[in-house]
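Good morning, colleagues. May I ask you to turn to the structure on the screen.

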Amino acid sequence: MTLRAPSRRHQRGAVLFPIMLVLGSSLHTALAFVPAIPSRAATAAHASSSIPLFASAGDATKIINPDHDILLRVARGEQAHRTPVWLMRQAGRYMAAFREYSEKYPFRQRSETPAMAIELSMQPLEAFGVDGVIMFSDILTPLPALGINFDVITGKGPVIPKRIATALDIENLQPLDDPEKSLPFVGETLRTLKKEVAGRATLLGFVGAPFTLAAYTIEGGSSKSCLKIKKMMMYDPTLLHVYLDKLATAIGDYACYQIENGAQVIQVFESWAHQLSPSQFLKYSKPYADKVAAIIKAKYPNVPIIFFGHGGSSYLELQKDMNADMICLDWQVDMTTARKTLGSKPVSGNVDPTILLGPPEGIVAAVDECIGKAGGSGHILNLGHGVIKTTPEEAVKLFVDTAKSIEVKEGGGVEKGGVVGGEEESLLVRPAALAGTAA
């Protein structure tokens with residue numbers, strides 16, 4: 001099979017050779033710092049393009065990127081000619097354009113002002129040509145709708161002034177009956193992003209898993225050891241189960257609200273999986289993450305769900321039968337081992353984020369190794385955690401471009417003995433220009 005021509009990048013039109021590092025500042029050299037900035041679709045830069053910025057899902061004449069739905073298709077378990085790629089913490093402080101907002105506006109203002117959230121969500125697509133755009137938000141975003149206020153303090157992280165500590169606290173939580181009323185900015189952000197992204201990439205929504213939200217709200221913020229929630233596990237497990245079940249219902253409904261407003265894939269973040277032993281995961285995480293997925297599947301059976309247990313690779317075998325369609329892997333497990341453990345379950349991940357702080361040849365080699373070990377099927381390339389804030393933007397671009405330059409051979413990714421990939425002949429075609437770099 002011959003290599004495909006590089007796909008069209010973003011609307012600003014820079015043609016990027018897949019393995020070159022292009023140095024320079026972000027494309028966004030000036031931004032209007034007012035909440036009521038117009039939609040990107042209305043900007044002069046986009047209006048001057050001869051190609052429409054977005055298209056309705058069924059309008060093939062307006063498709064800008066032939067691979068616009070490759071991430072969605074692979075998340076659904078379909079075969080594709082290459083591995084789709086996006087990154088967790090995709091919009092972040094490593095981008096100069098992002099810092100123009102983060103250094104001026106507090107987090108909740110950015111995430112809860114649709115014009116800002118849309119701009120920040122779109123920046124990585126414009127800069128790097130990723131296959132997925134994820135809404136700029138936070139796993140804690142729905143908490144105020146439940147009656148739990150929070151703030152994000154620079155240098156400290158999330159702070160919850162009135163933590164959950166008693167049965168009365170849990171009983172007094174508000175149901176998430178009407179997200180459009182309590183979280184209207186989420187719907188507005190997703191509806192606009194759906195138009196912006198159509199014909200270009202897949203739109204992802206996300207939620208925090210019930211245990212992670214319970215941990216934040218019981219601890220009152222971040223915690224190194226989770227002593228408060230672990231004491232509740234030991235002294236009042238019934239109360240914790242009641243709380244987790246209540247959260248699971250709210251989170252499932254919140255995820256459905258995201259889908260109703262445009263999200264095509266949902267990722268469930270169990271960010272504190274590393275705080276759980278295998279037996280604790282089975283009791284306090286898995287059943288409630290599965291309930292979230294069941295609520296979604298009951299209404300939207302064709303929307304893929306990705307489960308990410310950060311630090312959960314030590315009990316990866318317990319995730320094999322989860323309700324999620326795909327398991328996102330942290331960087332602490334070898335991809336070959338993960339694929340053998342999970343069998344035919346699709347995966348995403350799992351390059352070590354620190355690789356992007358190293359030399360270009362190391363980035364190319366890591367991408368090649370990860371895609372090769374994944375076997376060319378049922379895999380979305382990602383990092384094994386978020387992008388580190390000191391990561392050079394050129395490194396992110398090289399990561400994405402390298403992934404998009406590797407083709408899957410005809411017939412690649414077919415299951416063999418119940419395991420995708422393996423030690424057989426490579427299912428991938430790598431450009432000759434990359435061969436020496438990754439050797």
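This is a predicted model: local features need pLDDT of at least 70, side-chain atom pairs count only at pLDDT 80 or more; totals for chains, interfaces and linings use all residues.

The average pLDDT of the protein is 83, and 79% of the residues reach at least 70. Two stretches call for caution. Residues 1-61 have a pLDDT below 50, and in the model this stretch makes 120 contacts beyond near neighbours in sequence. Over residues 413-426 the pLDDT likewise stays under 50, and here the model has 23 contacts beyond four places in sequence.

I turn now to the largest pocket. It holds about 1600 Å³ of space. Its lining is made up of 49 residues, and those nearest the centre are R89, R93, F107, D138 and V152. Which elements give two or more residues to this lining? They are the helices α3 (96-102) and α4 (107-112), together with the strands β2 (151-153) and β3 (157-159). Of these, α3 gives the most, with 3 residues.

Finally, let us consider helix α10, which covers residues 210-219. Why may we call this helix largely enclosed by the rest of the structure? The reason is that 10 of its 10 residues are buried, that is, under 20% relative accessible area. Just after α10 comes G220, with a positive phi of about 90 degrees.

Thank you for your attention.

Key:
Residues are numbered from 1 along each chain as its sequence is written. Side-chain values use heavy atoms; hydrogens and water are left out. pLDDT is the predictor's confidence in each residue, from 0 to 100. Contact means heavy atoms within 4.5 Å. On a 1 Å grid over the protein atoms alone, a cavity is a set of points where a 1.4 Å probe fits but cannot get out, and a pocket is an open set with protein on both sides within 12 Å along at least five of seven lines; lining residues have an atom within 4 Å of a point. Grid points are joined across faces, edges and corners, and a volume is the space filled by probe spheres set on the points. Helices (H or I, at least four residues) and strands (E, at least two) are DSSP runs, numbered from the N terminus. Buried means under 20% relative accessible area, exposed over 50%, partly exposed in between (1.4 Å probe, protein chains only).
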